Amino acid sequence: MMTSDRDVLPPYVKPTHYKLDLRNLNFDTFEYDGSVEIHLIFQQSQNKILLNCKELCLKDDGYIQLASSDRAIAVQSIHYDLRTEVVTLDLSEDLPNSGEGVMYIKFTGKLNQEMAGFYRSAYKNAEGENDWMYSTQFESCDARRAFPCFDEPNLKATFDLSIEIPESYTALSNQPEKFSESVGHGLKRVTFLTAPKMSTYLYAWACGNFEYIEAFTEREYSNRGRIPVRVYTTRGLVHQGIFALENARKIVDYFSEIFDIEYPLPKLDLLAVHEFSHGAMENWGLITYRTTAVLFNEKTSDARYKNRVAIVLIKLVVAHELAHQWFGNLVTMDWWSELWLNEGFATWVGWLATDHFYPEWDVWGQFVTEGLQTAFQLDGLRGSHPVEVPVKNALEIDQIFDHISYLKGSGTIRMLSSYLGQEKFLRGVSNYLKKHSYGNATTEDLWSALGEISGVDIASYMRNWIKLIGFPFLTVLENPGQITIKQSRFLSTGDVSPLEDATTWWVPLMLNESSVQQISALESKEITIQGLDMTNFKLNNGQTGFYRVNYSEDRLLHLGKMQGKLTVSDKVGLISDAAAMAFAGHRTTAGLLNFLYELKDETNYFVWASITAQLTNLRSLFGQVVPEIEDRLKRVSLDLLTPIVEKLGWDFKPDEDFLVVRLRALIISAAGSAGHIGVITEAKRRFKLYISGEDRSAIHPNLRLAVFRIAMAEGGQAEYDAIITEFHSTITVDGREICLAALGCTQDPAVVLQVLDLILSESVKVQDKHTPAISLSNNGSARYKLWNFVRESWPKVYKQMSGNMVVLDRFLKNSLNKFAQEKEMHEIRDFFNGKDNTGYDKGLNVVYDSIRGNSNYVSRDQEVLEEWLKSRGY
């Protein structure tokens, strides 16, 4: 059915319940048989029913049993529309225009290997043999790959499931097992309790040779007692799930408390899946994860992955996915255009939970460093999109699972929560969840609930943030005792037209100093604040606002000198804002570098992560146009890095602060990349001891990536061979990912070609193919070779990755966006012109905008940078 803004199924019938039976799972041909009974409410008299179906074969003996009589209406013919993924069932007579019935359909399906629908994941089992596990991934529109259904978020229903599996297998679903019975031939049928009303994309099941560890919530839940929480893995890995398990059981209680709604299901399972396109999926009661996002071995894993389990994981996987159990599952967005309601809120509250349990980790510092800056980077492009983005059909949905929906969404929520006060904000959220439980809701419903509790017109504040593209930057003009603040739209290309700059955002100022005029927000294009103490004022205090600030270079230097009074978030925000202003032409690279020099005595990990990111970016961009500038900028990096690398050294102390552990790895990697002779020599020494087997403890787990990168950058064929051997033999969940990231650092042209061939080999899982590509695209010696490889191998690239467009879109965006000259942009555009770019067209626009911005920046600031380098003796 066509509507003005979306393609949806016609409202002839409405589903209320699915009874699904899966059997004859063939682990040789990877096919299965199924039958589904769909309970329907009749709404319009028609002689056909349309529902969603993809890569399924429906039997022609289906029928609809009317509840009001013994009469059955037969399915006469079946027609598939492969483009819209809709199947039409022509009926022998018209349906009634009211009443209820049950539709019976038999079908066959595929256990694909595309990480969508009901699919298979390859792994090596505890005996070292090749094996498979089977699980589902239905978001956004892939339930239709597993069974015929009404696959839209506002067509919620309840679910029953039975599945026939080998006796040795364990089966899981959203609800606990109801009973299991032997059916002979080494098989059993497992039946699950009825799942509550939910969208099809949230239903799930899995089977395989699983084992689990279990803990219980501390809270007693109504009629359920303490809820069991389990981490499931394939055999031999389950002990690595302890960290995630302990956090999951606590977070269930925490969210039940802050939302003032008890977790509604009788159990919670976390399942590690060996092949996974995303980080995790919030299936209600059965959350699934990429293995590196949930498993951690204290003795062998890099702390970066502990941080991933505890921040990107507790935030994005445990806390993020658990937040979805309320915000997304209990209450679901009405249509995919409002995906941000699910993802933006779950991201923000995931960070909130992490901060609650790990206050010493300064997670908001990390959010500002990684989350906000990533969102700013995408939203500063013309090719970005509004947070609430129009979505026409299933083919468009996957491309909006991006940094705008997740990170800009969470950034604007954080801004609003900070402005209203967290307690008041969460009370409004609780009211929203209670009002719409087991139903669907819109953005306006959330604003209404928050407005009722705060007495503020939230919708008017937030409309432009959510409905329109982009974000503002505030330019600060100083005069004695007063400042004038002007808001403008930020574009990284620096060429905003008057039409593009027409938006006026509501901007909470978060001013750190009091003034005669008590102004809390900017609601016009420009405002003057008088009676201000000009000594140490700063806007966006704590970096809780989703905007950038453009200070004069003198004010920026002054803020650098008062760094002892600034929070980590403020320092990171100032670095990133200064870099963005230089990039877009509002300030200069000289101003940025002068500010970075003021921070040379800094000791915080997040601040140094920001400093090194900017230095690396400058070397990458300007080095493409004038190679000798890269060498001069390396000397700048070494001057800044040498004191702290010498202070930190290589040795880890017992019970050392977690952020110091991360800082050491960061600084060693950055110093090695900048050419620090002592670091390179020591890294090569340790690499040789480790790879030879002479001393496997020579490389601390937290330094494996840093040392492997340096070894690859400074070595050749021997280092490649050694890391490939490590790649194939490692037993740690993060080991293969570390090897892939390191391989792309090679400077050897012959080795670059081997890494490129490796990407498309069967050795690298589809889920991981972007990892070495990112490394190669960051490598000036390999960047163009990577693009040439994509171009020449396009049929193979497309065939391998287009089964799941999320994978292909991610691969292209991360492979092609680092060029700094428009020549390459035109080559890429010419190559893709005339092709069907459906599924990754938005990603290509991001690539074009990124290269254009890079090119503008380099051509504009090259002379300024060279003059600064000369004045400093570089």
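**Entry 1: a sheet**

I looked up an open sheet of four strands, which has the order E9-E10-E16-E12 and antiparallel pairing. I note that the model is predicted. Strand E9 (117-124) and strand E12 (170-173) stand at the edges with a single partner strand each, so one side of each has no neighbour in the sheet. On average, neighbouring strands of this sheet are turned by 15 degrees against each other, direction ignored.

I then turned to one pair of strands. E12 is joined to strand E16 (residues 205-208) by four bridges, and the two run antiparallel. Opposite Ala171 I found Cys207 in E16. As a reminder to myself, strands of a sheet pair through backbone hydrogen bonds.

**Entry 2: two helices**

I next looked up helix H7 (residues 403-420) and helix H8 (residues 422-435), whose axes come within 6 Å and cross at roughly 115 degrees. H7 makes the contact with Ile413, Leu416, Ser417 and Leu420, and H8 with Gln422, Lys424 and Phe425. By class, I recorded four nonpolar, two polar and one charged among the residues of this contact of H7 with H8.

**Entry 3: cavities**

The largest cavity holds about 80 Å³ of space. Its lining has 13 residues, and Tyr551, Leu556, Ala578, Met581 and Arg587 lie nearest the centre.

Which elements supply at least two residues each of this lining? I found strand E29 (548-550), helix H11 (553-561), helix H12 (568-584) and helix H13 (589-598). H12 gives the most, with four residues. The lining of the largest cavity divides into seven nonpolar, three polar and three charged residues.

How values were computed:
Residues numbered from 1 in each chain as written. Predicted model: local features only at pLDDT ≥ 70, side-chain atom pairs only at ≥ 80, totals over all residues. Heavy atoms only, no water. Axes fitted to C-alpha atoms, helices over the stretch in contact; angles between N-to-C directions. Contact = heavy atoms within 4.5 Å. Nonpolar A, V, L, I, M, F, W, Y, C, P; charged D, E, K, R; others polar. Pairing = 2+ DSSP bridges. 1 Å grid on protein atoms, 1.4 Å probe; cavity = no way out; pocket = protein on both sides within 12 Å on 5 of 7 lines; lining within 4 Å. Points joined across faces, edges and corners; volume = space filled by probe spheres on them.
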